[in-house]
Amino acid sequence: MSPHTPPKTDDSSRVSRRGFLLTAGVATGALAVGAVGVTAAVNNGTTGPAVAPGATEVVPFYGVHQAGIDTPPQSSGTFLGWTLKPGTDRETVRRMMRLLTDDAARLTQGEAALPDNDPYLATNPARLTATFGFGPGFFQKLGLSAEAPAGFAELPAFSIDKLQPEYSGGDLLIQLGSDDPLTLSHAVRQLTRTARSFATVAWSQSGFTRDQGTAPAGQTGRNLFGQVDGTVNPRRADEFAAQVWATGSPSWFDGGTSMVLRRIEMNLDTWDKLDEGAKELSVGRKLSNGAPLTGENEFDAPDLAAKDASGLHVIPTFAHMRRAKTDNPHEKFLRRPLNYDDGIHADGRTNAGLLFAAYMANIKTQYVPVQQRLSDLDLLNTWTTPIGSAVFALPPGCQAGGYIGEGLLA
Amino acid sequence: MNTSTSVTKRGLSLVAVAIAALALVGCAPAVTAPVTPTASDVWIKAVPELMDGMAMTGVFMTLENPTDEDIELVGATNTTEGLTEKPLETHEVVKNAAGEMVMQETEGGIVIPAQGSVTLKPGGYHVMYWDLLKPIPVGSTVTLTLEFSNGTTLDVEAVAREIANANETYDPEADAEGSTEMNH
Ligand code: HEM
Ligand SMILES: [Cu+2]
């Protein structure tokens, strides 16, 4: 499981892993074949060409919402930001979205794209999802600014920001995730081949969570600071409806969502100088299991009023959790980030952090107040630096024969 | 395959259509109408810009034959306005005497086996467009009519897709004219 995400054992969730298993079995029957293969290999003691059960697991592409948002995070993911080529008009963008939708609909179901020069790399979707979004420039360049979702705009500047243009902005987002990095790489290439006829790459950012096969069951994932990250998040359909899916105006965006993508560098080297107690104070939760410092278990409610013998707050006033936490139902959202680790700088420092992806109906009212509080005070800022920022409007899903964004572009 | 053969074949297929039509009119109750094969995943290699006045491309698809007898794709006619004035051809890719993969017109069309299918794809069978008069942008559509050996025809729409391969050289079968580098 990734940071910031629900444990996969949550059966009440409509996006539970079990749900996907069932869907995959019904949709293709391929899962059953895979399972048989595994059994056979075990029984005769050989290591024949068994297919891991997860390899053929399929997430439906068509639906009310785009996949890849309420889908439990895959172990690998890539975000691609694109800049529309000069002179691109609405008709051209319609063609682009039709082709991208067609590629995504095939690849996510384990079929080769049309055309696809490496069709054998498409056969193990491993929960591959492809999700598309439109940046502020998309609306401006196409004369569609009046159709932009409520509250949708580039984030205001924050004092903590050290944004680099090579990780910021973008007219078009392609977000891909899979539990198989080879499948993911192939999907990235296929969609890139289609998109580059219409747009140029602004940035490409890849990240990871734990391998689904080795992730401890029922535990929220960890980030590269070693923290259990993703405890407080929407899980049930009604929580998604309240926080994530847009409704009302503009009507084309009904069932869509807005996304904030922040590339946040985490200084693992200075973080290393802290001992466990100091690390726990920075967030207000235990490193061992993610429990609040006032509780025993991960999902215990934190007691923000509790004080220790010397009269100090057990969960400090500067703690990330206290600063981010809100009782205002209109300031909650989904966090679905990936860890990134792009190797080691020449001077030996790590080049790692979080591709912090958050999803909400309205960026301005739900996200900005929380980000502003964290920018004003959050001890975690000592070791973290936002170096990239982008926002996208993710249209609702589509049905077979349709395409993503049709409500806006048709 | 030279042009005259191609013309002859097309002529034959037209005759076949005529005969089929006559048969239908003549003894309708006794004769079951010939079955039209189905086409799926029809696409054409995009030609974003015309190069050196030598613009050509190929159409690819999967054809299915639900009948108990083989049917051949014997020809095709472009129905996209202003795209080309040259007749379309059915092509295959073969190894020539020099060991290179080259394309040439098929002898007798492309067989769709009984109760089976054939996939036209880069490096293999395709429907050939010659002398394009305008570009085919990625994502645009091209329409054409497929002609089958049983006299049936099928209108199809090919979506233009970018792809790097399908660049076989044209080798007009040992003709002394030499070969032409193709980009389709
Ligand atoms: C590298 C950067 C960050 C790290 C390492 C990090 C880490 C954490 C951790 C460990 C928790 C506690 C467990 C949990 O509920 O998931 C947490 C909670 C949370 N974080 Fe972050 N976070 C980061 C950036 C952000 C940003 C940029 C935002 C939003 C602007 C944010 C919003 C939240 C929220 C809303 C909570 C839940 C608070 C609650 O209701 O208890 N975080 N974060
Ligand atoms: Cu050819």
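Colleague: Which residue of β8(B) stands opposite B:Val59?

Modeller: The model is predicted: local features need pLDDT of at least 70, side-chain atom pairs count only at pLDDT 80 or more, and totals for chains, interfaces and linings use all residues. Residues are numbered from 1 along each chain as written, chains are lettered from A and ligands numbered from 1 in written order, and side-chain values use heavy atoms, without hydrogens and water. Strands (DSSP E runs of at least two residues) and helices (H or I, at least four) are numbered from the N terminus. In β8(B), the residue opposite B:Val59 is B:Val127.

Colleague: How many bridges join β4 of chain B to β8(B)?

Modeller: Strands pair if DSSP finds at least two bridges between them. Strand β4 (residues 89-95) of chain B runs antiparallel to β8(B), and B:His91 stands opposite B:His126. The number of bridges joining β4 of chain B to β8(B) is three.

Colleague: Why is α5(A) described as largely enclosed by the rest of the structure?

Modeller: What covers its buried residues includes β1 (76-84) of chain A and β10 (153-161) of chain B; cover is judged by contact, heavy atoms within 4.5 Å. A:Thr183 and A:Leu184 are among the buried residues. Helix α5(A) is largely enclosed because, of its 15 residues, the number buried is eleven.

Notes: Buried < 20%, exposed > 50% of the residue type's maximum accessible area, 1.4 Å probe, protein only.
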